[in-house]
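Subject: Handing over a structure

Hello,

Here is the structure I promised to pass on to you. Please have a look at it first, and then read my notes below.

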Amino acid sequence: MKLEIDELREFLDQHSDDEIRNAIVAEDFSGLVHLPAGVRQALAGNPDDIWTDIWWYVDIRNEVRLDDFPCLHIAYAASAKAGFLIGQSHGVFAMGSNEKRTEGIVIAFCPWCAKPLNVNARNPLRLA
Ligand SMILES: [Zn+2]
């Protein structure tokens, strides 16, 4: 069972940050009762990097509107939590930019999940 963070958000949002983080640290998801049993079981198997995704999601869920970004990773990297590692300008994402985020290397794919990103400032990506 492949888990995607977007499918887990509505369930995770019924749990506190501490409940979720404690479950990951303890590697015991039985206390996350709002997650369907099958999901809890799949989580325990640590498929791919879903634990990291969940941790990042909990880190930013109250600060960032995830739906404004192509994926969780870009949202996280563009947040204060990640020190604004990735900057955004006119719908284009860039790394290693200067302090004001007016320069940088445009990235065409998410470095974590390889999702294609908009690279043309004249043609901003329509999200969802
Ligand atoms: Zn990604």
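Predicted model: local features only at pLDDT ≥ 70, side-chain atom pairs only at ≥ 80, totals over all residues.

Residues are numbered from 1 along each chain as its sequence is written.

Now for the overall layout. The protein has 5 helices and 3 strands, in the pattern α-α-α-α-α-β-β-β along the sequence. Helices (H or I, at least four residues) and strands (E, at least two) are DSSP runs, numbered from the N terminus. Of the 128 residues, 20% count as buried. A residue is buried if 20 or more other C-beta atoms lie within 10 Å of its own, exposed if 12 or fewer, and partly exposed in between, with C-beta atoms placed from the backbone. Among contacts between residues at least 6 apart in sequence, 40% join residues at least 24 apart.

Back to the helices. Helix α1 (residues 5-12) packs against α4 at an angle of about 50°, and their axes are 11 Å apart. Axes are lines fitted to C-alpha atoms, for helices over the stretch in contact, and angles run from 0 to 180 degrees between N-to-C directions. That angle makes α1 oblique to α4; angles under 35 degrees count as roughly parallel, over 145 as roughly antiparallel, 65 to 115 as roughly perpendicular and the rest as oblique.

How do α2 and α4 cross? The axes of helix α2 (residues 17-26) and helix α4 (residues 50-60) come within 10 Å and cross at roughly 155°, so α2 and α4 are roughly antiparallel to each other. D17, I20, R21 and I24 of α2 make the contact with W51, I54, W55 and V58 of α4. By class, this contact has 6 nonpolar, no polar and 2 charged residues.

The strands come next. Strand β1 (residues 86-89) and strand β2 (residues 92-95) run antiparallel and are joined by 4 bridges; two strands pair if DSSP finds at least two bridges between them. I86 has M95 in β2 as its bridge partner. The hairpin of β1 and β2 has 2 residues between the strands, and H90 takes a positive phi near 50° there.

R40 sits in helix α3 (residues 37-44) and counts as partly exposed, with 18 C-beta neighbours inside 10 Å. Not counting residues up to four places away in sequence, R40 touches F29, S30, L32 and L35. R40 and F29 are 11 residues apart in sequence and 5.7 Å apart in space, C-alpha to C-alpha.

K81 lies in the loop between α5 (72-77) and β1. K81 is partly exposed too, with 15 other C-beta atoms within 10 Å. Leaving aside neighbours within four places in sequence, K81 is in contact with D59, I60 and Y76.

Best wishes

Technical notes:
Contact = placed C-beta atoms within 7 Å. Nonpolar A, V, L, I, M, F, W, Y, C, P; charged D, E, K, R; others polar.
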